[in-house]
Amino acid sequence: MSESLETYRNPELAERRLLTEPDHFLDYMDDQLNVPEWVFRDVAQNRSTASCEIAMPDAVTTTLHEVEYRMEEGRRRRVIVWMGYTATQMAEGGRLFHFSAPAFDRVDIEVPAAGFVEENLRPGVAQPFVSPAMTRADASLALARAEHLGDDDSLQVSTAVTNRHGEVTHRKFQSLLVCGIPFPAWVAMFKDPGNIFGRSLPLRDEIHATSVMELFAQMELPVEMLPEGPISLVAAVLPYVQRIDQKAYESVSEQLVRFRTRQEFYAKEAERAGVEWAQFDLELARSLRTGVATDALRFFILQNGHDWSEESLRILNAHELDDAVYTVDRELAALLARAKQKLLGDKLCVVTDNEAAIEGVDQDVRDQIKINHNSIAQIYNEGYDLGRIRQLEAQQYALLHQQVIRSGGGCSGNVKTAFNELQRHGLNELGGVGENDNPFKSAESSAKWTWKPGNCRVKKCPSPKPTEVGPCSVCRHCQREFDAGRDPTK
Ligand SMILES: [Zn+2]
């Protein structure tokens with residue numbers, strides 16, 4: 001197992017996970033560094049789903065995937081298309097994001113499950129896919145968590161969307177993460193002839209999560225049976241949870257109530273976060289293409305100039321040229337992607353009142369973060385005052401850096417329970433590892449932003465002679481300019 005966890009530290013795998021969306025953009029980028037509208041829309045939708053996963057564990061995500069007909073080996077085949085790939089190809093691609101045999105076993109089921117939906121999607125029928133968290137028969141908890149498969153059950157429901165001729169044009173794909181459902185409750189439900197499916201479903205065994213995943217082809221239901229999509233699946237398994245574990249029953253009941261409220265609000269915030277995140281991904285892709293950081297990324301680096309961790313500064317300084325210009329390769333791009341993910345997730349946890357993640361944040365700080373969040377949206381809508389937006393962003397980042405916010409884990413309590421287990425393996429969960437590594441100094445750290453003698457990197461700097469510079473080699477004057485949303489190099 002230690003070998004597998006070693007692989008988890010593999011920077012290449014972490015970079016691949018972090019740069020998936022910038023890589024999508026690069027596939028479609030033209031010579032003017034632009035991408036087609038539909039590519040941006042698809043990436044923003046992916047990011048919207050990801051925002052729910054890192055910050056809004058109670059949100060149901062809904063995406064629409066196009067249905068197409070292709071000729072394959074002389075036969076007309078129906079496919080579901082997403083980002084230029086078919087659902088089956090996408091599932092196959094999931095392999096790239098894992099490193100261990102038990103995770104690959106799951107991909108081996110996800111591929112035919114995707115193919116099943118491509119072939120059988122039809123009006124009036126809901127197709128659930130239940131992927132419970134790994135059980136201890138599947139893998140150790142540490143390995144399961146390193147694969148991001150340790151805590152949440154993933155519930156998905158596919159239904160058909162038709163045009164006015166009754167032809168299937170899209171798949172509606174709803175997805176939800178739920179935690180704390182004991183695996184035996186799933187087993188009990190599927191075995192019960194009185195279950196939602198109206199018959200007992202044959203499980204290969206009763207200890208592996210994969211034995212439940214394998215049931216995908218036998219779980220079709222009339223759509224009326226799942227009026228709330230994946231939430232209805234949680235409601236269906238709840239009585240079985242109650243028979244097995246009273247404490248789990250209380251936790252899942254509470255989640256069910258939260259799932260049923262505030263979905264509209266979550267959807268609105270997720271959509272906005274998706275666009276913000278995709279815009280950042282596009283800046284990363286452009287910078288990777290030209291090899292030089294775009295203005296937006298330079299600002300991002302300098303807006304957070306006070307708060308990068310030592311390890312992050314080492315990477316940043318190695319990429320720094322004169323005039324606050326940065327060269328960009330995959331190492332730096334991955335660092336910035338990780339930083340954006342952390343800040344966006346932290347902010348969303350506050351905005352959506354994710355209590356488990358923000359319990360340590362004072363009420364007045366929460367209020368201020370929400371005010372900044374809404375002000376930035378308002379400025380975007382009223383016309384584009386970039387300087388003002390950058391100034392507010394810098395303030396928002398500074399506020400977030402002073403808090404300990406636990407975005408990234410779906411279910412409440414994950415982080416704390418993961419802590420000891422992972423620490424035993426030398427992995428510090430609070431700081432994170434791999435793509436979850438926190439690129440900023442923690443609020444609890446005693447490390448202080450220090451000014452050292454040096455030359456300001458900004459060529460037009462009014463005090464270019466040896467003066468005091470911060471960690472990003474910018475003097476006090478120029479740092480103030482960046483913080484205020486102005487560019488002293490221009
Ligand atoms: Zn300066």
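How many bridges pair β1 and β2, and in which sense? The answer is seven bridges, in the antiparallel sense. This is a predicted model.

## Overall layout

The chain is divided into two parts: domain 1 covers 59–260, and domain 2 covers 266–483. Taken over C-alpha atoms, the domain centres are 34 Å apart.

## The sheet

Seven strands make up an open sheet. Read across, the order is β3-β2-β1-β6-β5-β4-β7. The pairing is antiparallel. The edges are β3 (85–86) and β7 (221–222), and each of these strands pairs on one side only.

## Two hairpins

Start with β1 and β2. These strands form a hairpin, with two residues between them. In the turn, E73 has a positive phi of about 50 degrees.

Next come β2 and β3. They too form a hairpin with two residues between the strands. Here the turn holds M83, with a positive phi of about 55 degrees. Two bridges pair β2 with β3 in the antiparallel sense. V81 stands opposite T86 in β3.

## Around E66

Which residues stand opposite E66 in β2 and in β6? In β2, the residue is V81. In β6, it is H170.

The β1–β6 pairing runs antiparallel and is joined by six bridges.

## β4 and β5

Strand β4 spans residues 125–131, and strand β5 spans residues 152–162. The two run antiparallel, joined by five bridges. Q127 stands opposite S158 in β5.

## Helices on the sheet

Two helices are described against the strands. Helix α6 (residues 101–120) packs on the sheet. α6 touches β2, β3, β4, β5 and β6. Its direction makes about 115 degrees with that of β2.

Helix α4 lies across β1 (61–72), β2 (75–82) and β6 (168–179). Relative to β1, α4 runs at about 140 degrees.

## α4 against α12

α4 (residues 37–55) also packs with helix α12 (residues 263–290). Their axes are 7 Å apart, and the angle is about 120 degrees. Why is α4 called oblique to α12? Angles of 65 to 115 degrees count as roughly perpendicular and those over 145 as roughly antiparallel, so an angle between these ranges is oblique. The angle of about 120 degrees therefore makes α4 oblique to α12. The crossing of α4 past α12 is right-handed.

Which residues meet at this contact? From α4 come F40, V43, A44, Q45, R47, S48, S51 and C52. From α12 come Y266, A270, E271, A273, G274, V275, W277, A278 and D281. By class, the contact has ten nonpolar, four polar and three charged residues. Among the residues that meet are R47 in α4, and E271 and D281 in α12.

Terms used
Residues numbered from 1 in each chain as written. Predicted model: local features only at pLDDT ≥ 70, side-chain atom pairs only at ≥ 80, totals over all residues. Domains from an automatic or database assignment. Axes fitted to C-alpha atoms, helices over the stretch in contact; angles between N-to-C directions. Helix = DSSP H or I, 4+ residues; strand = E, 2+ residues; numbered from the N terminus. Parallel < 35°, antiparallel > 145°, perpendicular 65-115°, else oblique. Left-handed = near helix turned anticlockwise from the far one by under 90°. Contact = placed C-beta atoms within 7 Å. Nonpolar A, V, L, I, M, F, W, Y, C, P; charged D, E, K, R; others polar. Pairing = 2+ DSSP bridges.
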